[in-house]
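Okay, thanks for having me, everyone.

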Amino acid sequence: MQKTASHAAGLHRASLKKLHDLDAALELMYYGWRGMTLSADQYLATLGLSRPHHRILYVVARQPDISIGSLIEILGISKQAVNRPLNLLLQRKLLTSKRSSEQHRSKLLRLTEAGKQIEQRASGYERKVLREAFDRVGPAGAAAWMAVMRVIADNN
């Protein structure tokens, strides 16, 4: 019998030794993230793209004409870390880059139509997973999850 990806992940997760009382919560974060991004990452891989590319597309979609410096700040990564995926997105014409009229040393990023389509589709896969999970746990469960995630996100 062939195991499904989720079944195999569940067996793997259950087999990990707990070294601390919060290990189960940590594992749910790791496996939950993987479960939420799995379909999006598979789609991106068919295009020769990966998670860092999607993160950039996601941010630029929500803040057109963002400077590279602001993008780096929002993503919380170094210039070096953003350089390779950003250059690939520009080469593939998924993003455009233009000089800022106010700050000539600053470049502003914007999605192209192709970039918008890829971002929407990849994020759509992730929204679908969240919607299904929220539907299963109901409004109170979704609100509790959002509250916990807000507190964790505030650690940034």
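Let me start with a question for you: is Trp 33 buried, partly exposed or exposed? The answer is partly exposed, with a relative accessible area of 47%. For those words, buried means under 20% relative accessible area, exposed means over 50%, and partly exposed is in between, all with a 1.4 Å probe and protein chains only.

Quick housekeeping before we go on. This is a predicted model, so local features need pLDDT of at least 70 and side-chain atom pairs count only at pLDDT 80 or more, while totals for chains, interfaces and linings use all residues. Residues are numbered from 1 along each chain as its sequence is written, and side-chain values use heavy atoms, with hydrogens and water left out.

Back to Trp 33, then. You'll find Trp 33 in helix α2. Helices here are DSSP runs of H or I with at least four residues, strands are runs of E with at least two, and both are numbered from the N terminus. If we set aside neighbours within four places in sequence, Trp 33 is in contact with Leu 28 and Arg 51. Contact just means heavy atoms within 4.5 Å. Now look along the chain to Ala 45, which is 12 residues apart from Trp 33: their C-alpha atoms are separated by 17 Å.

Okay, zoom out. The chain has six helices and three strands, and along the sequence they come in the pattern α-α-α-β-α-α-β-β-α. Along the principal axes, the C-alpha atoms fill a box of roughly 55 × 40 × 30 Å. Of the 156 residues in the chain, 28% are buried. And if you take contacts between residues at least 6 apart in sequence, 50% of them join residues at least 24 apart.

So what's inside? In soluble globular proteins, nonpolar side chains tend to be buried together. In this model, the largest nonpolar core has 21 residues, and Ile 56, Val 60, Leu 71 and Leu 95 have the most contacts inside it. By nonpolar core I mean a set of buried Ala, Val, Leu, Ile, Met, Phe, Trp, Tyr and Cys residues joined through side-chain atoms within 4.5 Å. Who supplies at least two residues each? That would be α2 (23–46), α3 (51–62), α4 (68–75), α5 (79–91), β3 (107–111) and α6 (113–153). The biggest giver is α3, with four residues.

Leaving aside neighbours within four places in sequence, Leu 95 touches a whole list of residues, including Ile 56, Leu 57, Val 60, Leu 86 and Arg 110.

Now, the helix packing. How do α3 and α4 sit against each other? They pack at an angle of about 115°, with their axes 11 Å apart. That makes α3 roughly perpendicular to α4. Axes are lines fitted to C-alpha atoms, for helices over the stretch in contact, and angles run from 0 to 180 degrees between N-to-C directions. Angles under 35 degrees count as roughly parallel, over 145 as roughly antiparallel, 65 to 115 as roughly perpendicular, and the rest as oblique. As for who meets whom, Arg 55, Ile 56, Val 59 and Val 60 in α3 meet Leu 71, Ile 74 and Leu 75 in α4.

Last stop: some loops and a strand. Asp 65 has a positive phi of about 65° although it is not a glycine, and it's in the loop between α3 and β1 (66–67). Asp 65 is partly exposed, at 26% relative accessible area. Lys 93 also has a positive phi, near 60°, in a residue other than glycine; look for Lys 93 in the loop between α5 and β2 (95–99). At 61% relative accessibility, Lys 93 counts as exposed.

And then there's Arg 110, in strand β3. Arg 110 is partly exposed, with a relative accessible area of 38%. Beyond its neighbours within four places in sequence, Arg 110 is in contact with several residues, among them Val 60, Asp 65 and Leu 95.
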